[in-house]
Each structure stands twice: as structure tokens, then as C-alpha cells.
Amino acid sequence: MGVTVKGEGKGVMKSKMKCVGLIGLVLSAFSLFVHFLLARYTDEGIVEYQSSITIFSWRPTLESYDLARTNPLYRRLWGPVKHLEPLLPDANPRTYYPDPSSQTTGFIFVRIQGGFHEIRNAISDVVAVSRFLNATLVIPEILSTTSSKGISSQFKSFAYLYDMDQFMMALEKDVKMVKTLPKNLKGARRKKEIPVFRVPYSASPYYYLHHVLPVLNKHSVVELVVSDGGCLQATLPPHFEEYQRLRCRVAFHALQLRPEVQELAQRVLQRLRSPGRPYIAFDPGMARDALAYYGCAELFQDVHTELIQHKRSWMIKRGIVKGKLYVNSEEQRLNGSCPLMPEEVGIILRAYGYSRDAIIYVSGGEVFGGQRTLIPLRSMFENVIDRSSLTMGWELSRIYGREANLESYPKTPPSVVEDKKAVEWKFAGPRPRPLPPPPARPKTYNIEGWWGWVAESDNEPDSTVFELRTNAHKLLWEAIDYVVCVEADVFIPGFDRDGKGHPNFASLVMGHRLYESAASKTYRLNSHYRKELANLLEKNRDDLYHANHTWLTSIRRHLTRSLVNGLTEASGESKPLSFLSHPVPECSCLRRVSDEMSFNSSSLTHMQVQAALGVRNHCPAWMDRGLNSRSKDKETEEDLDEDDSLSSGLFFKPNHESIGEEMNKEEAHLDDQDEEGGE
């Protein structure tokens, strides 16, 4: 009897322990669920949670990386360009500039089509045109979002990308604006009763004065269609200089991203800077259109070459490209007309002295050739990241808004030819078989495999609803990249032209950095410097990863000169095509220097640079406060000789004892010569 009771007692204890354990598991699961809900929906503290757990793991490899900001090597790699420090932003009116009149000539309705950089250029131009014609500007319509099916109805056109209220408020003293057309003009537009102008690229002010203004006065409304990214010529006559500063106020002050996108961009910046280290922003510029336009198809030697050639053929038939279909890509590359490949950029950066654990942010929505083209760059630098590494899927979905369900849209049925090919492939005899049928839809990114339509059809397939949605979201992705690139400690472009021969996304970034912080380190690798670097890389092609001292010095010299001389060359290359890529001297002013600095030899070089850029206007007194007091100390810092013994060994071989002290002194002396005298 006693034994039985004892056994029952043990059973009861085991049951209680099981219950306690089960309750503990349930509570643990519930606490985890609540934790994730808080992490998902709580804005405060989410940055630290994600950056420490799910976002990205930094991989430092060199213990000697942490350098003091006063270290000469740190200043050469990350510090400001001292010759450009006197340049400050100044886009305020400098002559008589009245407020817009309440009585305007009529309404200007604008439809803009293109990528991020084309939209930004076009918006700045149409505001200047509206001011010039004394017209009321209707908030522009961005076609790449409004024409895309499946986009959230929460955001429409302009407000999908930019803050509309901020835009209107910032420009209220420049141009009169309204959000929509009046009801009677809306109806006339639906019936296609209002005059439409397909504005040519880079039209002169006199085009609007002689062609658009008479029609505007007659009908009180005109519609402008802008498709190439710019509807007003970049260089204007001297008496139009206030319109240039208006462009700067639009692009660099009024055009602010809508709050949700701006907030995510700031989070990306916080996560990127969380290790407390500077970073490099790299824009490859390897878009398919640009590669086709400049004849760079043979850089890939695979199916991507065929895709580029197909695009070039399409451009030739439509008059976009004037030239032969087959171009020697190697000659184009050595002539500086092709992008620098990511591997080449990695080699150049390592040769300049950036260490293996430097942080490199790769921007751009499309890197043609897929992620495999970035493999050499990732092998040279441990911390190569992009937007997807620093954001969560749900964060991106929040800025997209509530999207329509794609399943509600009908799918295009396969053609009879595709069905026939599929049957032939299924019942084909022994090998060799014919080529398999093309995929139902070509991929947009990381293209691999066979594209049947390249060989069979002159026209690419129409975009599906999903691809239209993806193209619209690319604007938001590029907007985030734009903020990260503008704020970067160092920016380097792989290419500076788009698929129409105009300045691209990277050029727009360089122009914004020039306006906002001219002294920030920006390597302006235009066609001249791409040519020089491509030839240096070709000469040492068989021994790139074990380069000698002379080759390293040549690479460093060209990269250093691009900081200042590339800027002066851009005034003759990029500015005639896009004012925002080079908003100097109209939107800049000179900081006054003290009398002690005026006799300094370095200040003479400052004056030479400023004369080359054409900047003559002095900044207002309030902008000089607090700057001159630090100038003398900064000058004494810059006069220090650079100890280059550390950077000499940062190229691919870890052992740098073979490089002697004389060689280091020679490199430091060379750097000083480059900074003091340019070319």
C-alpha cells in the first residue's frame, strides 16, 4: 500500500514539472513574440536592435587602421581638399529679385519621364522656365510612377518621391505653384484640348519666349513633355544668372525626399557610420544603356555582350546612336570612353592607400553583369556593402505603401510560337537538341542564361505589371543611394555618363557635393583620368597584384590630381550638358581669408584654383564667422610632411618592410607637390 502511494507521488511530481516546463515554454514564446512585435512597430530603438543583430557584421582585418585625424595619412585618404575649402554654398539672389506676380500668364503642366537624375534635372529646369515665363506651375507629374500599374494609391506621382508641401513652401518667393489644374482645365486636358509641347533637350530660353509663350498667352495653359532629363540649356547668358541660382535652390534645398524615404535614408547612414569610421561611396555607372551607347559590349565576353549589342542596334535604328554596330571595346576602354570595372576601381583604391578593411558602399540600382562583377572588389575589401545589406524587407515595404495585389492583373498568355517550341523541345530526339525556348519573361537584374528574343525579335517584350512596379521602386532605391553618396567621406564614380551621353547619377552626386561641401574628397574620374588610369592598368596587366613603386606612385598622382584638376575640367565637359553637375561659380562664394594667409604660398594656389573656377563673389560676413579663427591652425597642420611608411605597404602584400625610408620620403614629397601645384 505504501509503495503504491509513493509511486503515485512520483507521478504527480513529474506531471507538475511537465506543466511548469510547458508553461515556461509558452511564456518564452510569448515574450519572443512580443519582443519582435515591438521591434517591428517601434521606431525608437529599432536602429540599435537591427544594426547589432540582423543588419551587417563588420569585419575589420587590420589592427593598424585606427588613425588620428591629424595623421598625415588620414588627411590624405579621408581629409578635405584644402584648396577647395574657401568655396561655400551661396544660392541666394544677389540682384533685384521680386516676388512672383499674382497675375500670371497661365498654367504650365509638366510630365517628366526618366530615371532619378533625369527627373531631378527636369524639375529644376521647369521651375526656372515657369519663373522666366511668369507662369503658374502645376506640380510636375512623374510618369515612371503614375504610368506603372500596381503602385500604391497612397502616393501619387511627385509625392511618391518628394515632399510636395516642402517643395511649394521653399519656392513660394520664386514661382507661383498649385497642386492640380482647375476643374475646367482638367476636363480640357482629358479631352486633349490643351496644346502640348514635346520640349527638345537643352532648349534655349528663346525657344520658350518665341514658341511657348505666345501659345500660353492665347490658351492660358500649356503641357510640356520632358523625356531626356533637361528642358533648359545648362549654360545661360550672363543676364540669366539668377535663374541658375534658382536651379540650385530647387535641387539642393526645395527638393527634399518625402519623410518616410528620408527617415530610412538617415537610418542607413546611422548603420553605416555605427563603427565610428569613414566610408567610401562607389557608383559603378554600369547601366546597359550606357554600355551600349559607348560601345563597351566586349568588356563582358558572354551573353551580356549580346544583350548590349541588341540594345545598341535598337539605339542606332532610332537615331540615338550615330555610329557602327560593332565597336572595338578595348580601344574605347583605353580611350576613357568605357566605365572602370569594379575590379579596376578596387585596385586603384588599394594602390592609393585605402586598407583592406575600408568600408565601401556600392550604390546604383543596376550593376550590369550581376553581382559576379563585384566579386573581385569584394576580394580586395572585406566591407563591401550596399543598400540591401543595411535595410530590412519590411522597411522597404513601408516606403512603398499599400500596393495592389498583382494576382488581380491578368497574365499575358504565351504565344503560339513559344508553345510550339516547348512541345518541340519536349519531344526532341537524341542530342544535339535545339536551343530551349526562351523564358516567359527576361530578368531585369543579374541577367544570366539565354534570352530568346535577342536573336529572334528586334523589340524587347513589354514590361509586366511586376516590372513596372519594380522600375517605380528603383526611384526610391536610388533616392536612398543619393543621400548616402552625398554624405560620404569619399566618393568615386566608375562612369559619369548615361545611356544618352548626358551626365548620369554620379555626376549629379558630384555636383551636389561640390555645392554643399566643395572640400569633401571627390575623385572626379572624367574621360581624361579614366584614359590615363586604364592605360596604366593595361601596362601592368600581368602584374597588377604585385605592383612596383613607380606604378603605385603614378596611380596616386592621377587620383590626387583628379580632386582639383578634374573639377576645373568638368566646367568644360559636364557643365554644358547639365548645370547641376557643376553649379560653380554661380552658386558659390569665396570665404575671406586673413591677412596672414594672403602671403602664404598655399593661398596663392587657392587663388589659382578659384580663378580657374571663375568664383569671384565673396561670401556674406555671417558665413565667415568662426572660420578664419581656425584657418591658421589648419594651415600649419597641412604643412606637415606626410609619413607615408604605413600606406606604402597597404597594397596587396601584407609585408611592407622591403620599402625603404627613402622611398617613403619620396612619396610624401610627391604628394606635397601634387597638392601645392596641381599639374
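How many of the 25 residues of helix 23 are buried? In this predicted model, local features need pLDDT of at least 70 and side-chain atom pairs count only at pLDDT 80 or more, whereas totals for chains, interfaces and linings use all residues. Residues are numbered from 1 along each chain as its sequence is written, and side-chain values use heavy atoms, with hydrogens and water left out.

Helix 23 is mostly covered, with 18 of its 25 residues buried, where buried means under 20% relative accessible area with a 1.4 Å probe and protein chains only. Helices are DSSP runs of H or I of at least four residues, and strands are runs of E of at least two, numbered from the N terminus. Helix 23, residues 549-573, bends by about 50° at Ser-562, the bend being the angle between axes fitted to the seven residues ending there and the seven starting there. At the start of helix 23, a side-chain oxygen of Asn-548 lies within 3.3 Å of the backbone nitrogen of Thr-550.

Strand 8, residues 279-283, has five of its five residues buried: Tyr-279, Ala-281 and Asp-283 on one side, and Ile-280 and Phe-282 on the other.

Elsewhere, helix 4 (residues 116-133) and helix 10 (residues 241-254) pack at an angle of about 135°, with their axes 9 Å apart.

Methods. Buried means under 20% relative accessible area, exposed over 50%, partly exposed in between (1.4 Å probe, protein chains only). A polar contact is a pair of N or O atoms within 3.5 Å; within protein, one must be able to donate a hydrogen and the other to accept it, and residues adjacent in sequence count only if both atoms are side-chain atoms. Axes are lines fitted to C-alpha atoms, for helices over the stretch in contact, and angles run from 0 to 180 degrees between N-to-C directions.
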